[in-house]
Amino acid sequence: MAERGIRLAPSLLSADFSDLTSAIRKSEAGGADALHLDVMDGHFVPNISFGPALVRAVRRRTRLPLDVHLMIEHPLRFAPAFVDAGGDTLVFHVESADRPEDVIAEIQRLKTRVGVALRPGTPFEMVEPFLGRLDQVLVMSVHPGFSGQRFLPEVLPKLREARSHLGDMRPHADISIDGGITVETARPAAEAGATFFVCGNSVFSGGEVDANLHALRAVATGATG
Ligand code: DX5
Ligand code: ZN
């Protein structure tokens, strides 16, 4: 099988917030394909992280695509602020919107790529009606809210469903896996169909960013190459 263009997106939630510039530079030097920014509002998830101001600050420091993961209520209301701040892809949770189709339409109206995320317990059927319009499906492999949690292997069938449904309809859409990705878990995730790997602790919490990214890429690419 031809290599399907594995992509790695370090999650800045696991980086040192007092020195994000360094985390960004190291990610670039290590060959990161995008940066993942976890927005949490204390309502949709039991944690608060940051909002558009930080996305804007990161935007000023890099040309890497910014993958903005909205773990918030009212994604429709806040989408314009995150586009204005410089997000390239806005990923919102299907569970957070009464009418996901309206959020998708709004993000596309703002000329921005759109993704939909699913909590570990949310069935794939929830996103099926929207697949034809999506640039990314994000399968969460931990309960959203915190970095450094253990990968939940029970979500692997959802990656297989995403691959089989998106494969023909949206061949360029990213199938993203987020939570607990390490050199051990990246392989089964890649084999199940993930193409876009969000990685927090495994990149920033030990060792060198550059070496960590290379190790993750080798494992993920090896599983699909
Ligand atoms: C969790 C976030 C993840 C998190 C990943 O709610 O969506 O992006 O930062 O961190 P790790 O890779 O450490 O699980
Ligand atoms: Zn995330």
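**Zinc site**

I started with the zinc ion (ligand 2): its protein donors are H36 (NE2), D38 (OD), H69 (ND1) and D178 (OD), 2.0 to 2.3 Å away. I took donors as N, O and S atoms within 2.8 Å of the metal (3.2 Å for Na, K and Ca); water is not among the atoms, so sites may look incomplete. This is a predicted model, where local features need pLDDT of at least 70, side-chain atom pairs count only at pLDDT 80 or more, and totals for chains, interfaces and linings use all residues. Residues are numbered from 1 along each chain as its sequence is written, ligands from 1 in the order in which they are written, and side-chain values use heavy atoms, without hydrogens and water.

I checked the geometry next. The six donor atoms subtend angles of 72 to 172° at the zinc ion (ligand 2), so the arrangement is octahedral. That label needs opposite donors over 155 degrees apart and all others between 65 and 115.

H36 in strand β2 and D178 in strand β7 (residues 174–178) link distant parts of the chain, 142 residues apart. Strands are DSSP runs of E, at least two residues; helices are runs of H or I, at least four; both are numbered from the N terminus.

I looked up burial too. H36 counts as buried because its relative accessibility is 0%. D178 is buried at 8%. The cut-offs are under 20% relative accessible area for buried, over 50% for exposed and partly exposed in between (1.4 Å probe, protein chains only).

**Helix α3**

In α3 (residues 75–84) I found P75, A79, F82 and V83 buried. Seen down the axis, they fall within an arc of 95°, so they line one face of the helix. The arc is that of the directions from the helix axis to the C-beta atoms. R77 and D84 are exposed on the other side. The buried residues pack against β2 (35–40), α2 (52–59), β3 (66–71), β4 (89–93) and α4 (100–109). Just after α3, I noted a positive phi of about 115° at G86.

**T89**

T89 sits in strand β4. Its relative accessibility is 6%, so I logged T89 as buried. Its side chain makes a 3.0 Å polar contact with that of R113. Beyond four places in sequence, T89 touches residues including L66, D67, V68 and Q136; contact means heavy atoms within 4.5 Å.

Notes
Polar contact = N/O pair within 3.5 Å; in protein donor to acceptor, adjacent residues only side chain to side chain. Tetrahedral: all angles 85-135°; square planar, octahedral: opposite > 155°, others 65-115°.
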